[in-house]
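I am opening this notebook to record what I looked up in the structure, entry by entry. The sequence and the model come first, and my notes follow.

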Amino acid sequence: MRASIVLAALLAGAATTIAAAQEPTEEPEQEPRRSLDLTVNGVGISIGDSRGVTGLRLNFRDTRLERVNGINATVWSPVGEPTGEVNGLALGLPLTGAARIRGAGIGIFGAGAGEEFVGLGIGGAGVGSGGDLRGIMVGGLGAGAGGDVVGLTIGGLGAGAGGSVRGISIGGLGVGSGGELTGLAVGGLGAGAGGDVRGIVIGGLGAGGGGDFTGFAAGGLGVGSGGDVTGIGVGGLGVGAGGNVTGLTIGGLGVGAGGTLRGIQIGGVGVGAPTVRGLSIAGIMAGGEDVTGLTVAGAYLRVEDGTLHGVGVSAYNDVRGTQRGLTIGLLNRAYELHGVQLGLLNYAGNRPAGLRWLPVVNWSFEDE
């Protein structure tokens, strides 16, 4: 009886096992192999579209790169958005790219990073990053980033950034920054920034910034700033600012400011601002509302509804306000004189009726 029970149990178990073996089972899906990996523990040589390696990786075009520590050599740029990172050398034959490159990126045509490029970048056509560029970047046509650029950047046509530029930037046509520009910038046509500029900026046609400028700026046509200019500005046609100009400014045609001109201002034709402080020299015209210092104009000096403090020298000194100091010219006129006028004919509106117009000299030191 016991033997029969044991035998029945064995037969039932065997039948269950056989039935189970006959039923189909789901195998785990295996990732198709896309590379030949000659590696030991991930170190060695990988040929194909592998996820990464420490050593040398050779591939036509990346689609799923995660990380390469060493050399990643590709024939073409990644499919879609660049992924992964290369720590070492990203080599393009002729193009290469990754999300992040740290080390060197060299491409016969170009090299680029979707997020960050740090180190050395050389591209026959260009070098770029959707994020930041940091290091030495040289592009045959251009070098630029959607974020910040820091270091030495040279572009055959141009160099720039959507963010800030810091360091040395040279562009065959121009250098530009959507944010701040700090350091040395040289552009064949122009150099400028949407924000503040600090350093040396030279543009074949123009140089300037949308914010404040501090340093030295030279432009073949002009130098300008939407904010203040502090330092030295030299413009073939002119130098100007929406705010204040402080320092030495030289403009082929003129120098001007929406606020205060302070320092030494030299304009081939004119110099002017609401407030002028210092030495102003103009080939034809100079003036403002509040002028203090020494002002020399070839033809006409005009003070509009304000005060002249100091010395004014021009063929015609026209103070439509108060003069406190000395004017020298062919014709001198002041609504209110507290000083001296030297010229062929002089007018002081605050003197007695018979003394308002005088030849050679007129004066007044008290209210009369």
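**Entry 1: terms and ground rules.** I call a residue buried when its relative accessible area is under 20%, exposed when it is over 50%, and partly exposed in between, with a 1.4 Å probe and protein chains only. I am working with a predicted model, in which local features need pLDDT of at least 70 and side-chain atom pairs count only at pLDDT 80 or more, while totals for chains, interfaces and linings use all residues. Residues are numbered from 1 along each chain as its sequence is written, and side-chain values use heavy atoms, with hydrogens and water left out.

**Entry 2: salt bridges.** I count a salt bridge when a side-chain nitrogen of Lys or Arg lies within 4 Å of a carboxyl oxygen of Asp or Glu, and by this rule I find 16 salt bridges. The pair I looked up to begin with is E116 and R102, whose closest N and O atoms are 3.1 Å apart.

I then turned to E304 and R302, which form a salt bridge with the closest N and O atoms 2.5 Å apart. Here E304 is partly exposed at 28% relative accessibility, and R302 is partly exposed at 29%.

Elsewhere, salt bridges that share partners join R67, E85, R100, R102, E115 and E116 into one network.

Entry 3: I found R57 in strand β3 (residues 52-59), and I call R57 buried because its relative accessible area is 0%. For polar contacts I need a pair of N or O atoms within 3.5 Å; within protein, one must be able to donate a hydrogen and the other to accept it, and residues adjacent in sequence count only if both atoms are side-chain atoms. Which side chains does the side chain of R57 meet in this way? The partners I noted are the side chain of D49 at 3.4 Å and the side chain of N72 at 2.6 Å. Taking contact as heavy atoms within 4.5 Å, and leaving aside neighbours within four places in sequence, I see R57 touching residues that include S46, D62, L65 and I71.

N317 is in strand β29 (residues 316-348) and counts as buried at 1% relative accessibility. The side chain of N317 reaches the backbone oxygen of I328 at 3.0 Å, and among the other residues in contact with N317 are L301, T327, L331 and R333.

**Entry 4: the nonpolar interior.** A nonpolar core is a set of buried Ala, Val, Leu, Ile, Met, Phe, Trp, Tyr and Cys residues joined through side-chain atoms within 4.5 Å. The largest such core has 49 residues, and those with the most contacts inside it are F117, L133, L181, V201 and L261. Beyond four places in sequence, L181 touches V165, G192, A193, D196, V197, R198 and V201.

I also looked at A297, which is found in strand β27 (residues 285-297) and is buried at 4%. A297 and I284 are 13 residues apart in sequence and 5.5 Å apart in space, C-alpha to C-alpha.

Entry 5: L205 sits in the loop between β17 (197-203) and β18 (206-209) and is partly exposed at 41%. L36, in strand β1 (residues 35-40), is partly exposed at 49% and touches I45, S46 and I47, not counting residues up to four places away.

Methods
Helix = DSSP H or I, 4+ residues; strand = E, 2+ residues; numbered from the N terminus.
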